[in-house]
Structures are given as structure tokens and as C-alpha cells.
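Dear colleague,

Please find below the sequence and the structure that I promised to pass on. My notes on what turned up in it follow directly after.

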Amino acid sequence: MPASPTALVHQAEKPAWLRARAPSTGAHEDTRALVRRHALHTVCEEAACPNIGECWSKRHATVMILGSVCTRACAFCNVATGRPGALDPREPDRLAEAVLELGLRHVVITSVDRDDLPDGGARQFVRCIDRVRTASPATTIEILTPDFRNKTGAVETVADARPDVFNHNLETVPRLYATVRPGARYYHSLRLLDQVKNRRPEIVTKSGIMLGLGEERAEVLQVMDDLRVAGVDVLTIGQYLRPTPRHHPVARYAPPEEFADYERVARAKGFRMVSASPLTRSSYHAEQDFAALVRRAGQPVPTERR
């Protein structure tokens, strides 16, 4: 059960199981240098991801397209909010060049919300998918999109570009949307995931939630059921960490055994892949998870683009 408002924990009280590894290899600096050289934004940095040391040391980075300024102000997110600049027409090319230079077998492409654009940035996602596919045919492509709310045809446009994985996070339970994700609507996000699966059944669909925002167990289980009804294949569950004192407070830190229990339940509900741990994030170990999913389906891990 979540703690009462008077028992909200302080960020400094993080338990030992939430200590992420610091960068320890030259590969981390090489990844940083490559990101700078190609003038790319990453959610690893912009959202202050706790896994940046581990991932960048393995030359894995989640690229954030459509600029670095978001038109929304979600209470959990550390990405800057404001008025974004114009789209960069060279962004897809620079992304493809970075993927090729890093030798990525799997790339995760996410973005800020761009409610200011007529299509919400959908066509820029398509350009990025096409450029990566041309430059590095063996690289599998995972996208983590905004909800494209009120942008007619945007979801269909991106789905028809056939990314290997289409991820859109619910983030939390519906009761908390008004305070945690005020610019979004829970059932719209569910509908988006359902639309993708119905339009392109071959695409792996994925979503994630965070614990520690004030949710109750019964609500988490209901979110799982809602996602299964929408045909979602992959579920991620991680611990919410408060980026700054101005963000939503942490209600509680869920212990590792609670994540393990949720993973067991989610698998029993029929998700094809579940990743649940305190440090799990949407793109954490995304390459390994996708490769495992493909192998379980009895298919070879792609070595060339269909």
C-alpha cells in the first residue's frame, strides 16, 4: 500500500538496491564524444537516467529526436519544458550516422512531446526509421513515442514505417494521471497501443509503468489487464526516482522482491516479455530483451532488413 502524504520519503533516503554503477570504462567517454560530435540529444542525459554509466559503457544510448524541449510538463520528467525550436532536417541523417559508427544492433529512438507540430513529429520518426534502415540494415529499431494526442493519422503514419518495437509508456495508473501526467489521457494511450497492434500485428508493442508515485497494487494489476486487452507484448516496471525537489515526490521505494512478484504475475497474465526491477527503464537492456523475444518465437535475430 502507498504511504500517506505525510510519510513521503526524501530522495536522499534511497535504499542500497537503487545505487547505479558509475561509468568505469573509456567506452563511456567515447559514447559521450560521439553523441556530441553528431549533435544528438539523448534521454539518458536529459532525463537523468540512473543507468547512463552502465549503458554508455556498453556503447548503448537512447536518442531523443525532435529537439530537447518538450511542450508538456509531466510531474515525473526532467526534460526541459518550453517552446521548442524548428525541426532539424539533418537530424535523421545524423542519427543514422551515429548508429552506423556505434555499430548498434538495436537502437531505441524516443522524443519529446511536440504538441506544436501538426503531426506531433510523426513524420520525423518515419524519416529517422528510414535513414537508420538504409544506413544499417541489420539494426533493429525500437521507438518510444509520445501519445500524438489530437494528431489525426499520426499513429498510423509511424506504425506503417514498421519499427520492430513500438513502445508507448502509460507511466502510472489512471487515478494519478491528473497530477503525474496532466497533459495526457490514460485511455488515449491504451487506444494508441491497441491501434498499432491492430494495424500492424507483426510489430512488437511495449509499455511501461513506474512504482512509487502513490499507486496501489490492485491498480497496477488492472493496468496489466488493460495492456493485455490492448495486445501489448512487453511490459517494463521500474522505480520512480524524483529528479529534483520540484518534481512529484516519491511515495515509497518498492523492494526488489515486490518487482519480482509483479514480474511473475505479469508473465502469468500473458506478456511475452517482462522486465521489472528497481532500475528498469524503458530502454534498459532493450537489445537483449528483443533478441530473447525473437528467439523464443523461433525466429532468427535479424541480420539484414526485410
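Is Tyr-186 buried or exposed? Tyr-186 is buried, because its relative accessible area is 4%, where buried means under 20% relative accessible area, exposed means over 50% and partly exposed lies in between (1.4 Å probe, protein chains only).

Before the rest, a word on the source: this is a predicted model, in which local features need pLDDT of at least 70 and side-chain atom pairs count only at pLDDT 80 or more, while totals for chains, interfaces and linings use all residues. Residues are numbered from 1 along each chain as its sequence is written, and side-chain values use heavy atoms, with hydrogens and water left out.

The chain as a whole

The chain has 11 helices and 10 strands, these being DSSP runs numbered from the N terminus (helices H or I, at least four residues; strands E, at least two). Of its 306 residues, 54% are buried. If one takes the contacts (heavy atoms within 4.5 Å) between residues at least 6 apart in sequence, 75% of them join residues at least 24 apart.

The aromatic rings

Three aromatic pairs are present in the structure; rings of Phe, Tyr and Trp (its six-membered ring) pair if their centres lie within 6.5 Å, and planes under 30 degrees apart count as stacked, over 60 as edge-to-face and the rest as tilted. One of the pairs joins Tyr-177 and Tyr-186, whose ring centres are 5.7 Å apart and whose planes stand at 90 degrees, so this pair is edge-to-face. Tyr-186 also pairs edge-to-face with Tyr-187, at 4.9 Å centre to centre and 90 degrees between the planes. Ring pairs thus link Tyr-177, Tyr-186 and Tyr-187 into a cluster, in which Tyr-177 and Tyr-186 are both buried, whereas Tyr-187 counts as exposed because its relative accessibility is 58%.

Elsewhere, Arg-228 lies over the face of Phe-271, 5.4 Å from the ring centre (the criterion is NZ of Lys or CZ of Arg within 6 Å of the ring centre and within 35 degrees of the ring normal).

The largest cavity

Two cavities of 30 Å³ or more were found in a search of the whole structure, and the largest holds about 70 Å³ of space. A cavity here is a set of points, on a 1 Å grid over the protein atoms alone, where a 1.4 Å probe fits but cannot get out, and lining residues have an atom within 4 Å of a point; grid points are joined across faces, edges and corners, and the volume is the space filled by probe spheres set on the points. Among the residues lining the largest cavity are Glu-142, Val-165, Lys-206, Ala-286 and Phe-290. The elements that give two or more residues to this lining are β8 (204-211) and α11 (286-296), and α11 gives the most, with four.

His-106, in strand β5 (residues 106-111), is buried, with a relative accessible area of 7%. Leaving aside residues up to four places away in sequence, His-106 touches several residues, including Glu-142, Val-165, Ala-286 and Phe-290. The C-alpha atoms of His-106 and Gln-288 are 8.9 Å apart, although 182 residues separate the two along the chain.

Leu-66, which is not a glycine, has a positive phi of about 70 degrees; this residue sits in the loop between β2 (63-65) and β3 (69-70) and is buried, at 2% relative accessible area.

With regards

Key:
1 Å grid on protein atoms, 1.4 Å probe; cavity = no way out; pocket = protein on both sides within 12 Å on 5 of 7 lines; lining within 4 Å.
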